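Reader: I'm new to this structure and would like a close look at one part of it. Could you pick a spot and walk me through what surrounds it?

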Amino acid sequence: MDQRILQIAVKVYNYDELNSDDTQLIDEAIRATERSYVPYSSFCVGAAVRLSDGTIVSGSNQENAAYPSGMCAERTTLFYANSQYPEQAVDTLAIAARKMRDNLVENPITPCGACRQVMIESEKRAGKPMRILLYGRKGIYEVASAADLLPLSFDADAMN
Ligand code: THU
């Protein structure tokens with residue numbers, strides 16, 4: 001038997017320890033939570049990406065009466081960024097959330113599995129890591145790449 005332990009590094013920052021590029025991106029993700037369409041969950045999620053040329057794109061979750069037809073903030077944002085700016089890598093993705101359309105979460109929310117899969121595809125397509133910033137009032141998590149959030153992920157390499 002061969003046991004392999006997979007570990008990831010998560011750095012935790014206070015908001016005022018971050019540089020202005022990162023606080024700007026987080027602020028955009030927070031602002032995006034105000035544009036969430038969440039009549040069913042009242043859980044507002046915002047995402048913002050900084051592309052390699054500095055462009056910022058943001059998006060929010062968009063729900064639907066047919067629940068599975070809704071979309072998370074992360075995928076709304078990444079699909080838009082990748083379709084509008086296909087040549088640009090995503091350098092950093094920031095995520096913020098508020099409960100009941102009210103207070104920003106104390107502890108960061110982490111992306112769902114489907115969003116992680118899409119983040120990995122975007123990262124592989126760009127050929128460089130996508131940094132992830134997860135906002136919480138009590139601390140901001142930084143993860144160095146999307147691959148860190150989905151160990152043993154399935155990707156195109158498996159089919160080759
Ligand atoms: N949601 C996101 O937008 N991103 C996440 O990372 C987790 C969940 C949305 C989906 C749905 O609109 C609401 O939050 C509750 O699950």
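**From the surface to the inside**

Author: Let's start on the outside: Val12 counts as exposed because its relative accessibility is 51%, and exposed means over 50%. Keep in mind that this is a predicted model. Val12 sits in strand β1, which covers residues 10-13. Together with Ile8 and Val10, Val12 makes a nonpolar surface patch of about 240 Å².

You'll find Asn61 in the loop between β3 (56-60) and α2 (73-84). Asn61 counts as buried because its relative accessibility is 6%, and buried means under 20%. What does the side chain of Asn61 make a polar contact with? Its partner is the side chain of Ser36, at 2.7 Å. A polar atom of the Asn61 side chain also lies 2.9 Å from the backbone nitrogen of Val45. Leaving aside residues up to four places away in sequence, Asn61 touches Ser36 and Val45 along with Tyr37, Val38, Phe43, Cys44, Met71, Cys72 and Ala73.

From there, hop over to the largest nonpolar core, which has 23 residues. Val49, Leu78, Leu93, Met119 and Ile132 have the most contacts inside this core. The elements giving it two or more residues are β2 (44-51), α2, β4 (90-98), α3 (113-126), β5 (131-134) and α4 (146-149). Take Leu78: with residues up to four places away in sequence not counted, Leu78 touches Val49, Val90, Val118, Met119, Ser122 and Met130. Apart from this core lies another one, of twelve residues, including Leu25, Ala29, Ala96 and Ile140.

Definitions and conventions
Residues numbered from 1 in each chain as written. Predicted model: local features only at pLDDT ≥ 70, side-chain atom pairs only at ≥ 80, totals over all residues. Heavy atoms only, no water. Patch = residues over 30% accessible without salt bridge, like charges linked within 9 Å, V, L, I, M, F, W, Y side chains within 5 Å. Areas by Shrake-Rupley, 256 points an atom, 1.4 Å probe, with all protein chains shown as cover. Salt bridge = Lys/Arg side-chain N within 4 Å of Asp/Glu carboxyl O. Helix = DSSP H or I, 4+ residues; strand = E, 2+ residues; numbered from the N terminus. Buried < 20%, exposed > 50% of the residue type's maximum accessible area, 1.4 Å probe, protein only. Polar contact = N/O pair within 3.5 Å; in protein donor to acceptor, adjacent residues only side chain to side chain. Contact = heavy atoms within 4.5 Å. Core = buried A, V, L, I, M, F, W, Y, C linked by side-chain atoms within 4.5 Å.
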